[in-house]
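Thanks for coming. I will take a few minutes to walk through one structure, starting with its side-chain contacts.

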Amino acid sequence: MRKPRDYDAELQALNDKAKRLRTRKQTQLGELVIATGADALGTETLAGVLLAAIGNDDPSRKEAWRKRGAAFFQGSTSTRGSAGKDTGGAQAIDPDTQPAAGAPGTA
C-alpha cells in the first residue's frame, strides 16, 4: 500500500516557496532602482514615472525603453553613465503630464 500524500505539508512548502520568490523579486527591484540611480528621485516622482510608463500604449516608445534597458544590463558604459542623469525621460514618458501641485517647479 502506498503512503498517503501530506497535502498540508505540500501546500505549506508551496506557500513558503512563493513567499521566498516574492521577497527575492522585491529585493531585485530595489537593487534595480539603486543601480539605475532612480533612488535619487523622490518617491512620488518615481511612482509617477512608473505609472506613466505602465499607461503608455505607444509600442515604439516601449521598444525604445526596452532597448535602453537591455543596453543597461549588457553593461553599456554610456547607458550606465547616464542612468541617473535627466535625459528627458519624463518628457519621453508623457509630455502632456503636468507636475503635481506642490512639486518642485510648480507655483
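Which residue forms a salt bridge with Glu63? The partner is Arg66, and the closest N and O atoms are 2.8 Å apart. By salt bridge I mean a side-chain nitrogen of Lys or Arg within 4 Å of a carboxyl oxygen of Asp or Glu.

Before going on, a word on what you are looking at. This is a predicted model, so local features need pLDDT of at least 70, side-chain atom pairs count only at pLDDT 80 or more, and totals for chains, interfaces and linings use all residues. Residues are numbered from 1 along each chain as its sequence is written, and side-chain values use heavy atoms, with hydrogens and water left out.

Back to that pair. Glu63 and Arg66 both sit in helix α3, three residues apart, which is about one turn of the helix. Helices here are DSSP runs (H or I, at least four residues), numbered from the N terminus. Glu63 is partly exposed, at 32% relative accessible area, and Arg66 is partly exposed too, at 48%. The cut-offs are these: buried is under 20% relative accessible area, exposed is over 50%, and partly exposed is in between, with a 1.4 Å probe and protein chains only.

How many salt bridges does a search of the whole structure find? It finds two. Glu10 is partly exposed, at 34%, whereas Arg5 is exposed, at 55%.

Next, the aromatic rings. Rings of Phe, Tyr and Trp (its six-membered ring) pair if their centres lie within 6.5 Å; planes under 30 degrees apart are stacked, over 60 edge-to-face, and the rest tilted. The count comes to one aromatic pair. Phe72 and Phe73 make an edge-to-face pair, with 5.5 Å centre to centre and 80 degrees between the planes. Phe72 is buried because its relative accessibility is 8%; Phe73 counts as exposed, at 57%. Phe73 belongs to helix α3, residues 59-73.

Finally, confidence. The predictor's confidence in each residue is pLDDT, from 0 to 100. The chain averages 80, and 70% of the residues score at least 70. Confidence is highest in helix α1 (residues 7-36), at a mean of 96, and lowest in helix α5 (residues 89-93), at 44. Over residues 86-107 the pLDDT is below 50. Where pLDDT is low, the predicted coordinates should not be read in detail.

Definitions and conventions. Helices (H or I, at least four residues) and strands (E, at least two) are DSSP runs, numbered from the N terminus. Contact means heavy atoms within 4.5 Å.
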